[in-house]
Amino acid sequence: MALDYLDFDYSEDEDGNGTWDAMASVADSRWAALLEEVRQVLHWASHNFRGRRAPLEDGGDWDYDLSAQDDDHGRALRIRWDRAGDAVQAEAPQPGGYGTVTLTLTGNTAFGDALRQAFGLE
C-alpha cells in the first residue's frame, strides 16, 4: 500500500523496538483523504496484529498515539480511531484552513518488519 500523506521517521531503542512518527498537514479539502490513510494504517495494524495492541512494556506487540490540530487557530482537534467501526473520527479544521494529524506507532521487531513491507517504509 502506498502512502500519500504520512511520511514516517524511524527510531529504535536498545531492545530493537521501533517508533515510527508521521505528521501530515493538509488543506481542509484533503482532510478526509488524510484521515482515510490513517484509518488504513491502523486497520492494517489491528488486523495483522489482532489482540496484541498494548504498550510494549506491558507485553504488547504494537501501540499507537494519534492527535490532530487546526493549524490556523492553534487548537487541538478531537480525533480518535474507532476500531470496531473501522473509522477515524475527527473534527475538521476550519473551512479554507489547514489541519495536521500526528500518528506515532511503536512496535516490536516483527511488527516493524511487517509494517515496512506493507507500506514500503525504509
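Two aromatic rings of Phe, Tyr or Trp (for Trp, its six-membered ring) are said to pair if their centres lie within 6.5 Å; planes under 30 degrees apart count as stacked, over 60 as edge-to-face and the rest as tilted. By this rule, Tyr10, Trp20, Trp44, Phe49, Trp62, Tyr64, Trp81, Phe111 and Phe119 form one aromatic cluster. The structure is a predicted model, in which local features need pLDDT of at least 70 and side-chain atom pairs count only at pLDDT 80 or more, while totals for chains, interfaces and linings use all residues. Residues are numbered from 1 along each chain as its sequence is written, and side-chain values use heavy atoms, with hydrogens and water left out.

A search of the whole structure finds 9 aromatic pairs. One of them is edge-to-face, because the rings of Phe49 and Phe111 have their centres 5.1 Å apart and their planes at 65°. Helices (H or I, at least four residues) and strands (E, at least two) are DSSP runs, numbered from the N terminus. Phe49 lies in the loop between α1 (31–48) and β3, and Phe111 in helix α2 (residues 109–119), so the pair ties together parts that are 62 residues apart in sequence. Phe111 also forms a stacked pair with Trp62, at 5.8 Å centre to centre and with 5° between the planes. This second pair links distant parts of the chain, since Trp62 belongs to strand β3 and Phe111 to helix α2, 49 residues apart.

Trp62 counts as buried because its relative accessibility is 1%, and Phe111 is buried with a relative accessible area of 0%. Phe49 is buried as well.

Helix α1 also has buried residues, among them Trp31, Leu34, Leu35 and Trp44. The expected span of a helix is 1.5 Å times one less than its number of residues. The 18 residues of α1 should therefore span 26 Å, and its end C-alpha atoms are 26 Å apart, which agrees.

Two strands pair if DSSP finds at least two bridges between them. Strand β3 pairs in the antiparallel sense with strand β7 (residues 98–107) over 9 bridges, and with strand β4 (residues 75–77), also antiparallel, over 3 bridges. Gln69 stands opposite Thr100 in β7, while its bridge partner in β4 is Ala76. Between β3 and β4, which form a hairpin, there are 4 residues, and Gly74 in the turn has a positive phi of about 60°.

Key: Buried means under 20% relative accessible area, exposed over 50%, partly exposed in between (1.4 Å probe, protein chains only).
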